[in-house]
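Have the sequence and the 3D view open as you read.

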Amino acid sequence: MGDRLTVIARMKAKPGMEERLKQELLSLLQPTRAEEGCINYDLHQSMQDGSRFLFHENWESEECLKKHSQSEHLKSFRARVGEMLDGPTEIEIWKAL
């Protein structure tokens, strides 16, 4: 498995912002999947609570993940969605064994 990393990122939309946040999150899929080192970048929405979203990501290395975190599309996303989020994004990074 080498340096491969898995990222689980969870976020919750403020009431009334679910669809707007969903569209913003969907806009990240294409540019992120095209990034070097992205193995998968999949968005999920909770079936029990439609305000909760989760990204399941796999990256070839920590270096690729760091480049992703500094990408222009992610920086722009962060600047736009603060008012839509109900609390901070929870991010866990896992190492494949």
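Cys38 is buried, at a relative accessible area of 15%; buried here means under 20% relative accessible area, exposed means over 50%, and partly exposed is anything in between (1.4 Å probe, protein chains only). Cys64 is buried too, with 9% relative accessibility. This is a predicted model, where local features need pLDDT of at least 70 and side-chain atom pairs count only at pLDDT 80 or more, while totals for chains, interfaces and linings use all residues. Residues are numbered from 1 along each chain as its sequence is written, and side-chain values use heavy atoms, with hydrogens and water left out.

So what about a disulfide, meaning a pair of cysteine sulfur atoms within 2.5 Å? Searching the whole structure turns up 0 of them. The closest cysteine sulfur to that of Cys38 belongs to Cys64, and at 9.3 Å it's too far for a bond.

## The sheet

Four strands make an open sheet in the order S2-S3-S1-S4, and the pairing is antiparallel. (Helices, H or I with at least four residues, and strands, E with at least two, are DSSP runs numbered from the N terminus; two strands pair if DSSP finds at least two bridges between them.) Strands S2 (38-45) and S4 (90-95) sit at the edges with a single partner strand each, so one side of each has no neighbour in the sheet. From one strand to the next, the twist averages 15 degrees. For angles, axes are lines fitted to C-alpha atoms (for helices, over the stretch in contact), and values run from 0 to 180 degrees between N-to-C directions.

Strand S1 (residues 5-12) pairs with S4 in the antiparallel sense over 6 bridges. Thr6 has Trp94 as its bridge partner in S4, and Leu5 stands opposite Lys95 in S4. How many of the 6 residues of S4 are buried? The number is 0, so S4 lies largely in the open.

## Helices across the sheet

Helix H1 (residues 18-33) lies across S1, S2 and strand S3 (52-59), and runs at about 170 degrees to S2. Helix H2 (residues 62-69) lies across S1, S2, S3 and S4, at about 135 degrees to S3.

Glu63 has 51% relative accessibility.

## The nonpolar core

A nonpolar core is a set of buried Ala, Val, Leu, Ile, Met, Phe, Trp, Tyr and Cys residues joined through side-chain atoms within 4.5 Å. The largest one has 22 residues, and Met11, Leu21, Leu25, Tyr41, Phe55 and Trp59 touch the most other members. At least two residues of this core come from each of S1, H1, S2, S3, H2 and H3.

How values were computed: Disulfide = S-S within 2.5 Å. Contact = heavy atoms within 4.5 Å.
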